[in-house]
Amino acid sequence: MHAAMSLVRKLYGPVLRRYTISSSPISYNNKTRHHHFSELVHSMAKPVSIEVWNPSGKYRVVSTKPMPGTRWINLLIQQDCRLEICTEKKTILSVEDIIALIGEKCDGVIGQLTEDWGEELFSALSRAGGKAFSNMAVGYNNVDVNAANKYGVAVGNTPGVLTETTAELAASLTLAAARRIVEADEFMRAGLYDGWLPHLFVGNLLKGQTVGVIGAGRIGSAYARMMVEGFKMNLIYYDLYQSTRLEKFVTAYAAFLKANGETPVTWKRASSMDEVLQEADIISLHPILDKTTYHLVNKERLAKMKKEAILVNCSRGPVIDEAALVEHLRQNPMFRVGLDVFEEEPYMKPGLAELKNAIVVPHIASASKWTREGMATLAALNVLGKIKGYPVWFDANKVEPFLDENAQPPAASPSIVNAKALGLPVSTSKL
């Protein structure tokens, strides 16, 4: 990190400045400047600290949070962007905070999925001359895309870098729940272990059991492959579309096992979600979130699952009726759950935190170094591409050319979700 910062300074001189947005004039290079900084305080309860990179840059880009890595910073300042990063120690910025950061002139914003990007923010960005916003996330449930369309603002997201890392966390939660790892860790740290016992933290064996996947898209299929090949589990999945590639993978692996004298694994495409819930020992949820999947797993569907089943959710919190889940966990102590997402983040429903048969982590499915740095890069390039008038990349799930640190990225926005609505041009694969 420090070496990268040093390289940036060597190439671009004194590009980093730290400011506190307040009602007082700002001292910069021995000159007093007001600009928009002193104006921002009027809509903010407290002064907000920011870092400014490349102060003389032509295009003003705001990032509402510091993001991992430095490549995204380099890519923006190389293209004559003045980058302002909000460094305020506040987990979630309010709409008023972000309007203040946007100010009177702003070409684009990189934001977070915890922020409420609707009519008010897109109106403010448009008034400031901005035409680009990107979530540092693949999901954009926090974004009113219709409002963005109304104001002509391109909305970016960051698919293509989260598949394996999210599937790995789902697998991690599965193992932790099956083998009661969190309970055992707490037991050890409390000094309660005084010798081996036959019944101490007995959990579930995965080999030969059935893993159920709801939503066999990229992440769901990656998780299924990990569980089938890694633990020789049988597969049952439900998806509106047939996952031929996943089926071929399991079939080939079954043939390999049989050729080596082992019991082959099996696969089955369920005709309904309930069929998966009734037959699987492990169920991992990977649907999109919309009105059809809200509370997809409710009291009635929880009752259909096996008493010792394990439920994992690394998709979206509201696909589970969390209150019903808490009650089910209380009534079925051998039923276990691993959750990375919650219905009303950052909060959990009352009682969930106290349950030993629940493993809860704070929305970290994408939190591997490579993935988070890649997300930052893609978000920055989404905004940069729109500012520079570049076309939209032809396939948002094939973003490897943007992530090669030894080459300049293509002259395109990696992923703009409302490109068609805005009539934006699309690149060819030859860029």
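## Helices, strands and the model

Helices (H or I, at least four residues) and strands (E, at least two) are DSSP runs, numbered from the N terminus. Ser413 sits in the loop that separates helix H15 (400–403) from helix H16 (419–422), in a chain with 16 helices and 16 strands.

This is a predicted model, in which local features need pLDDT of at least 70 and side-chain atom pairs count only at pLDDT 80 or more, while totals for chains, interfaces and linings use all residues. Residues are numbered from 1 along each chain as its sequence is written, and side-chain values use heavy atoms, with hydrogens and water left out.

## The surroundings of Ser413

With a relative accessible area of 2%, Ser413 is buried, a term that means under 20% relative accessible area, whereas exposed means over 50% and partly exposed lies in between (1.4 Å probe, protein chains only). The side chain of Ser413 reaches the backbone oxygen of Asn382 at 3.2 Å.

Leaving aside residues up to four places away in sequence, Ser413 touches Leu381, Asn382, Gly385, Lys386, Tyr390, Pro391, Val392 and Trp393, where contact means heavy atoms within 4.5 Å.

## The chain as a whole

Of the chain's 431 residues, 52% count as buried. Among contacts in the chain between residues at least 6 apart in sequence, 67% join residues at least 24 apart.

## Cysteines

The structure holds zero disulfides, a disulfide being a pair of cysteine sulfur atoms within 2.5 Å. Cys106 counts as buried because its relative accessibility is 0%, and Cys314 counts as buried because its relative accessibility is 8%.

Definitions and conventions: Polar contact = N/O pair within 3.5 Å; in protein donor to acceptor, adjacent residues only side chain to side chain.
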